[in-house]
Amino acid sequence: MKEKNHGFSKALYLVAGILIGAGLASLVVAGGYYLDQSSAVSTYSYNVSSSEDSFIDSEFISKLKTVETMIKNLYYLDEVDNETLADGVFTGLLDSLGDVYSTYYTIEETEELLESTEGVYYGIGAYVQQDSETGYVKITGVIEGTPAQEAGFQAGDVIYAVDGEDVLGMDSSQVVALIKGDEGTWVTVTVLRGEELLDIDVQRRKIETVTVTYELLEDDMAYIQLTEFDDVTVEQFEEALDQLQADGARGLILDLRDNPGGSLYSVVEIADMMLGEGLILYTEDKEGNREEYSSGAERELELPIVLLVNENSASAAEVLTGALKDHRKATVVGTTTFGKGIVQTVRTLTDGSTVKLTTSAYYTPSGVNIHGTGITPDVEVELDVDAYLEDGTDNQLEKAVETLKGLMEE
């Protein structure tokens with residue numbers, strides 16, 4: 001794979017698996033999976049000279065100390081330590097932006113997020129997504145054979161509380177961090193299902209993330225499902241693709257439905273296996289600085305491709321969809337994608353805490369920013385939920401098979 005002109009190593013791409021996405025996260029691991037233009041390599045020092053328009057002046061410091069004194073002397077309900085108060089200041093500062101994707105992470109939360117990219121964690125095994133309408137986080141899917149499935153969690157459940165703590169307004173990664181914990185311990189997750197609140201007790205277990213499943217369908221059609229773009233996904237996808245081609249696949253259905261996204265490294269590497277030489281995406285910051293991410297010419301998938309997407313296909317899933325669609329390498333089937341076209345950068349502070357900040361927008365190869373609009377499929381088809389729940393009939397997959405057959409016959 002040829003060197004890309006973006007200056008980021010794999011390690012930088014993988015900062016906590018938390019950025020370039022749609023505010024989507026995974027209980028599978030612990031971090032949110034948003035497409036990330038990460039710069040964790042640069043640790044920011046506290047000693048930054050203040051600009052003339054800074055609100056941090058002597059009057060502000062005096063006011064802050066006054067409020068601290070009030071809390072220490074007058075607050076009745078509980079003792080609050082200095083670390084908690086300091087973290088609260090930074091949390092509030094990022095929250096004041098009104099951007100659900102810009103967040104402060106404590107040292108402990110940062111460690112949880114960094115751990116999440118390993119593909120092995122102690123959790124319950126469910127995918128979640130930020131729900132901007134309710135301010136809560138909802139479950140978009142559960143992994144087979146995991147504690148989440150065994151405990152009875154369902155896609156569509158809205159996470160209302162974790163161990164009795166209301167999670168309204170929390171970032172999806174913060175909610176996931178609450179649910180994760182030591183192997184064998186229990187957590188109570190309160191979910192809103194319809195109009196009913198349910199307390200579900202579930203035991204945390206070691207989960208080894210399987211992000212790629214595949215099979216050879218009728219007429220030599222390969223089917224690959226990507227559930228997220230984790231650091232383990234690249235190797236899993238390559239193995240699946242190689243095996244299916246060795247088995248004689250003549251076409252590919254790539255299922256990105258309910259895929260919340262993942263690391264930029266992962267999606268760029270996977271796109272590189274399919275596109276041949278070409279632009280995958282580019283980003284622009286508020287100064288107009290542009291970063292391009294391109295694939296090399298060493299490998300190109302010479303098969304007709306159908307992409308399956310839905311309203312929960314987000315971030316890195318949208319990057320791959322946009323790249324393949326713009327380069328006319330795939331026909332997109334399903335419903336309009338989530339629509340997350342902004343990028344967050346993670347900066348590590350000197351004490352080990354981190355700040356995740358929206359720093360740029362990303363664009364598909366044809367120059368389209370899909371934020372707030374998503375990607376419209378070439379063939380639109382809504383999932384027949386009743387039929388799916390009744391007997392597993394997947395009319396979207398059936399349409400993808402029909403579409404791919406037509407492409408293979410051309």
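## A tour by selection

Start with Arg193: it is partly exposed, with a relative accessible area of 25% (buried means under 20%, exposed over 50%, partly exposed in between, using a 1.4 Å probe and protein chains only). Before you click on, note that this is a predicted model, where local features need pLDDT of at least 70 and side-chain atom pairs count only at pLDDT 80 or more, while totals for chains, interfaces and linings use all residues. Residues are numbered from 1 along each chain as its sequence is written, and side-chain values use heavy atoms, with hydrogens and water left out.

**Stop 1: the partner of Arg193.** Asp157 is buried, at a relative accessible area of 1%. Asp157 sits in the loop between helix H5 (147-151) and E7, and Arg193 in strand E9, so the pair ties together parts that are 36 residues apart in sequence. Helices here are DSSP runs of H or I with at least four residues, strands are runs of E with at least two, and both are numbered from the N terminus.

**Stop 2: the strands around E9.** Show 158-162 and 186-193 as cartoon: these are E7 and E9, antiparallel and joined by four bridges (strands pair if DSSP finds at least two bridges between them). Look for Val162, which stands opposite Val189 in E9. Now bring in E10, residues 196-203, which runs antiparallel to E9 with eight bridges between them. Val187 has Val202 in E10 as its bridge partner. Where does the hairpin of E9 and E10 take a positive phi? Pick Gly194: its phi is near 70°, and the hairpin has two residues between the strands.

Stop 3: The structure holds 15 of them. Select Glu238 and Arg299, whose side chains meet at 3.1 Å, N to O. Glu238 is in helix H7 (residues 233-246) and Arg299 in the loop between strand E16 (290-295) and strand E17 (305-309), 61 residues apart. Step along to Glu300, which forms a salt bridge with Lys329 (3.2 Å, N to O). Is Lys329 buried or exposed? Lys329 is buried, at 16% relative accessible area, while Glu300 is partly exposed at 38%. For a network of salt bridges, pick Glu218, Asp219 and Lys405.

**Stop 4: a pocket.** Select Thr140, Gly141, Ala155, Asp258 and Tyr388, which lie nearest the centre of the second largest pocket among its 31 lining residues. The space in this pocket is about 1200 Å³. Strand E6 (136-142), strand E13 (221-226) and helix H10 (385-391) are the elements giving two or more residues to the lining, and E6 gives the most, with five. On a 1 Å grid over the protein atoms alone, a pocket is an open set of points with protein on both sides within 12 Å along at least five of seven lines, and lining residues have an atom within 4 Å of a point.

**Stop 5: a nonpolar patch.** Finish with Phe55, Ile56, Ile61, Leu64, Val89, Phe90 and Leu93, a surface patch with about 580 Å² of accessible area together. Helix H2 (58-74) and helix H3 (82-95) each give two or more residues to the patch, with H3 giving the largest share, three. Patch residues have over 30% relative accessible area and no salt bridge, with nonpolar side chains joined within 5 Å. Leu93, in helix H3, is partly exposed at 38%.

Methods
Patches are made of residues with over 30% relative accessible area and no salt bridge: like charges are joined within 9 Å, nonpolar side chains (Val, Leu, Ile, Met, Phe, Trp, Tyr) within 5 Å. Accessible areas come from the Shrake-Rupley method with a 1.4 Å probe; for residues, only the protein chains shown count as cover. A salt bridge is a side-chain nitrogen of Lys or Arg within 4 Å of a carboxyl oxygen of Asp or Glu. On a 1 Å grid over the protein atoms alone, a cavity is a set of points where a 1.4 Å probe fits but cannot get out, and a pocket is an open set with protein on both sides within 12 Å along at least five of seven lines; lining residues have an atom within 4 Å of a point. Grid points are joined across faces, edges and corners, and a volume is the space filled by probe spheres set on the points.
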